Amino acid sequence: SMSRGGDTALRCSQDRLARVGAALRQQHGDIDLATIQSLMAGHDHAGKSGPCRHPDGDGSRTLSSAIYQTRIPSLVMSDGAPCLGRWHTYAVSDAFG
(Lines give C-alpha, C1' and ligand atoms only; values in the text may rest on other atoms or scores of the structure.)
Protein backbone atom coordinates (compact mmCIF):
# COMPACT_ATOMS: atom_id res chain seq x y z
CA SER A 1 0.00 0.00 0.00
CA MET A 2 1.01 3.64 -0.40
CA SER A 3 1.08 4.15 3.35
CA ARG A 4 3.40 1.20 3.88
CA GLY A 5 5.88 2.49 1.27
CA GLY A 6 5.75 5.93 2.87
CA ASP A 7 6.43 4.38 6.27
CA THR A 8 9.47 2.56 4.87
CA ALA A 9 10.83 5.73 3.26
CA LEU A 10 10.32 7.64 6.51
CA ARG A 11 12.10 4.94 8.53
CA CYS A 12 15.02 4.93 6.11
CA SER A 13 15.30 8.72 6.30
CA GLN A 14 15.18 8.61 10.10
CA ASP A 15 17.88 5.90 10.15
CA ARG A 16 20.15 7.96 7.91
CA LEU A 17 19.62 11.13 9.94
CA ALA A 18 20.35 9.30 13.20
CA ARG A 19 23.51 7.70 11.77
CA VAL A 20 24.92 10.97 10.42
CA GLY A 21 23.91 12.88 13.56
CA ALA A 22 25.59 10.35 15.86
CA ALA A 23 28.82 10.44 13.83
CA LEU A 24 28.90 14.24 13.85
CA ARG A 25 28.27 14.39 17.61
CA GLN A 26 30.94 11.74 18.27
CA GLN A 27 33.59 13.60 16.26
CA HIS A 28 32.46 17.15 17.12
CA GLY A 29 35.19 19.62 16.27
CA ASP A 30 37.50 16.93 14.92
CA ILE A 31 36.05 15.81 11.61
CA ASP A 32 37.69 16.14 8.23
CA LEU A 33 36.52 15.90 4.64
CA ALA A 34 37.63 12.29 4.16
CA THR A 35 35.67 11.22 7.24
CA ILE A 36 32.51 12.94 6.02
CA GLN A 37 32.91 11.44 2.55
CA SER A 38 33.29 7.99 4.10
CA LEU A 39 30.23 8.56 6.28
CA MET A 40 28.12 9.62 3.27
CA ALA A 41 29.33 6.54 1.33
CA GLY A 42 28.14 4.21 4.09
CA HIS A 43 25.60 1.51 3.32
CA ASP A 44 23.00 -0.31 5.42
CA HIS A 45 24.41 -1.79 8.62
CA ALA A 46 22.86 -3.78 11.46
CA GLY A 47 19.36 -3.40 10.04
CA LYS A 48 19.63 0.38 9.76
CA SER A 49 19.65 2.37 6.52
CA GLY A 50 22.88 4.03 5.46
CA PRO A 51 23.25 7.38 3.72
CA CYS A 52 24.28 5.78 0.40
CA ARG A 53 21.23 4.11 -1.14
CA HIS A 54 21.01 1.71 -4.06
CA PRO A 55 17.77 0.61 -5.77
CA ASP A 56 18.07 -3.02 -4.64
CA GLY A 57 16.03 -2.70 -1.43
CA ASP A 58 13.18 -0.23 -1.38
CA GLY A 59 13.92 1.17 -4.83
CA SER A 60 15.37 4.45 -3.58
CA ARG A 61 18.87 5.51 -4.59
CA THR A 62 21.33 8.27 -3.87
CA LEU A 63 21.82 10.52 -6.87
CA SER A 64 24.59 12.61 -5.30
CA SER A 65 25.87 13.95 -2.00
CA ALA A 66 26.96 17.47 -1.16
CA ILE A 67 29.34 18.64 1.55
CA TYR A 68 29.73 22.34 2.23
CA GLN A 69 33.08 23.40 3.64
CA THR A 70 33.09 26.65 5.56
CA ARG A 71 36.81 26.97 6.38
CA ILE A 72 37.69 26.62 2.71
CA PRO A 73 34.56 28.09 1.11
CA SER A 74 33.65 25.27 -1.24
CA LEU A 75 31.15 22.64 -2.22
CA VAL A 76 32.33 19.03 -2.51
CA MET A 77 29.83 16.98 -4.50
CA SER A 78 29.68 13.36 -5.53
CA ASP A 79 28.96 12.55 -9.15
CA GLY A 80 26.51 9.74 -8.51
CA ALA A 81 26.45 7.54 -5.42
CA PRO A 82 29.10 8.67 -2.92
CA CYS A 83 30.43 5.12 -2.54
CA LEU A 84 31.73 5.33 -6.12
CA GLY A 85 34.25 7.96 -4.98
CA ARG A 86 33.66 10.42 -7.82
CA TRP A 87 33.92 13.65 -5.80
CA HIS A 88 34.39 17.11 -7.30
CA THR A 89 35.25 20.32 -5.45
CA TYR A 90 33.83 23.67 -6.47
CA ALA A 91 35.10 26.90 -4.92
CA VAL A 92 32.29 29.10 -3.65
CA SER A 93 34.02 32.10 -5.21
CA ASP A 94 33.50 30.44 -8.63
CA ALA A 95 29.76 30.80 -8.16
CA PHE A 96 29.87 34.47 -7.26
CA GLY A 97 32.57 35.71 -9.62
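Gln 37 lies in helix H2 (helices are DSSP runs of H or I with at least four residues, strands are runs of E with at least two, and both are numbered from the N terminus). The model is predicted: local features need pLDDT of at least 70, side-chain atom pairs count only at pLDDT 80 or more, and totals for chains, interfaces and linings use all residues. Residues are numbered from 1 along each chain as its sequence is written, and side-chain values use heavy atoms, with hydrogens and water left out.

Gln 37 has a relative accessible area of 18% and is therefore buried (buried means under 20% relative accessible area, exposed over 50%, partly exposed in between, with a 1.4 Å probe and protein chains only). Neighbours within four places in sequence aside, Gln 37 is in contact with Ile 67, Val 76 and Trp 87 (contact means heavy atoms within 4.5 Å).

In soluble globular proteins, nonpolar side chains tend to be buried together.

His 88 is found in strand S3 (residues 87-91). His 88 is partly exposed, with a relative accessible area of 37%. Its contacts, apart from neighbours within four places in sequence, are Leu 75, Val 76, Met 77 and Asp 79. His 88 and Met 77 are 11 residues apart in sequence, and their C-alpha atoms are 5.4 Å apart in space.

Asp 15 sits in helix H1. Its relative accessibility is 10%, so Asp 15 counts as buried. Asp 15 touches Gly 47, Lys 48 and Ser 49, not counting residues up to four places away in sequence. Ala 46 is in the loop between H2 and S1. Ala 46 is exposed, at 68% relative accessible area. Phi of Ala 46 is near 55 degrees, a positive value in a residue other than glycine. Most residues other than glycine have a negative phi.

The largest pocket holds about 480 Å³ of space. A pocket is an open set of points on a 1 Å grid over the protein atoms alone, where a 1.4 Å probe fits, with protein on both sides within 12 Å along at least five of seven lines; lining residues have an atom within 4 Å of a point. The lining of the largest pocket has 17 residues, of which Ile 31, Ile 36, Tyr 68, Gln 69 and Thr 70 lie nearest the centre. H1, H2 and strand S1 (66-69) are the elements that give two or more residues to this lining. By class, the lining has 11 nonpolar, three polar and three charged residues.

The protein chain has three helices and three strands. Along the sequence they follow the pattern α-α-β-β-β-α. Of the 97 residues, 27% count as buried. The chain exposes about 6800 Å², and carbon and sulfur atoms supply 55% of it (Shrake-Rupley method, 1.4 Å probe).

Methods: Grid points are joined across faces, edges and corners, and a volume is the space filled by probe spheres set on the points. Ala, Val, Leu, Ile, Met, Phe, Trp, Tyr, Cys and Pro count as nonpolar, Asp, Glu, Lys and Arg as charged, and the others, Gly among them, as polar.
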